[in-house]
Amino acid sequence: MAPSLKAPAFAPSMWGYASNRQYGRVKIIVKVRYARKTDDGRYDAGRGQVVGVITAYCNGVRKCPNWVNE
């Protein structure tokens, strides 16, 4: 069954490590979500097009260290 254009699509998660000589390393998870329309219907990319969001977060820690964003 083909997915509906309105349903969000998810690419596989990717991961890697951010490292800092002084503080060590932290695992970063990256997820991509894309669809033709946003959930609230405000934006429509048009027929055959998609809009998307890329989210990255630290895994295994309560909060990403500040140095990750530097």
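Buried means under 20% relative accessible area, exposed over 50%, and partly exposed in between (1.4 Å probe, protein chains only).

Before moving on, a word on what is loaded. This is a predicted model, where local features need pLDDT of at least 70 and side-chain atom pairs count only at pLDDT 80 or more, while totals for chains, interfaces and linings use all residues. Residues are numbered from 1 along each chain as its sequence is written, and side-chain values use heavy atoms, with hydrogens and water left out.

**Stay on Trp67.** Leaving aside residues up to four places away in sequence, Trp67 touches Ala18, Ser19, Asn20, Tyr23, Gly24, Arg25 and Val26. A contact here is a pair of heavy atoms within 4.5 Å.

**Switch to cartoon.** You'll see four strands and zero helices, in the order β-β-β-β along the sequence. Helices (H or I, at least four residues) and strands (E, at least two) are DSSP runs, numbered from the N terminus.

**Select β2 and β3.** Strand β2 covers residues 14-20 and runs antiparallel to β3, with seven bridges joining them. Two strands pair if DSSP finds at least two bridges between them. The hairpin from β2 to β3 goes through three residues.

**Now the rings.** How many aromatic pairs does a search of the whole structure find? One. Trp15 and Tyr17 make it, edge-to-face, at 5.6 Å centre to centre and 85° between the planes. Rings of Phe, Tyr and Trp (its six-membered ring) pair if their centres lie within 6.5 Å; planes under 30 degrees apart count as stacked, over 60 as edge-to-face and the rest as tilted.

Arg25 lies over the face of Tyr17, 3.9 Å from the ring centre. Lys27 lies over the face of Trp15, at 4.3 Å from the ring centre. The test for a charge over a ring is NZ of Lys or CZ of Arg within 6 Å of the ring centre and within 35 degrees of the ring normal.

**Across to β4.** β3 and β4 pair in the antiparallel sense over nine bridges.

**Into the loop.** Next, select Tyr43, in the loop between β3 (24-35) and β4 (51-59). Is Tyr43 buried or partly exposed? It is partly exposed, because its relative accessible area is 48%. Not counting residues up to four places away in sequence, Tyr43 touches Arg36, Lys37 and Thr38.

**Back to Ala35.** This residue is in strand β3 and counts as buried because its relative accessible area is 8%. Draw a C-alpha to C-alpha distance from Ala35 to Gln49: they are 14 residues apart in sequence and 8.2 Å apart in space.

**Zoom out.** Of the chain's 70 residues, 10% count as buried. The chain exposes about 6,100 Å², with carbon and sulfur atoms supplying 51% of it; the areas come from the Shrake-Rupley method with a 1.4 Å probe, and for residues only the protein chains shown count as cover. Among contacts between residues at least 6 apart in sequence, 42% join residues at least 24 apart.
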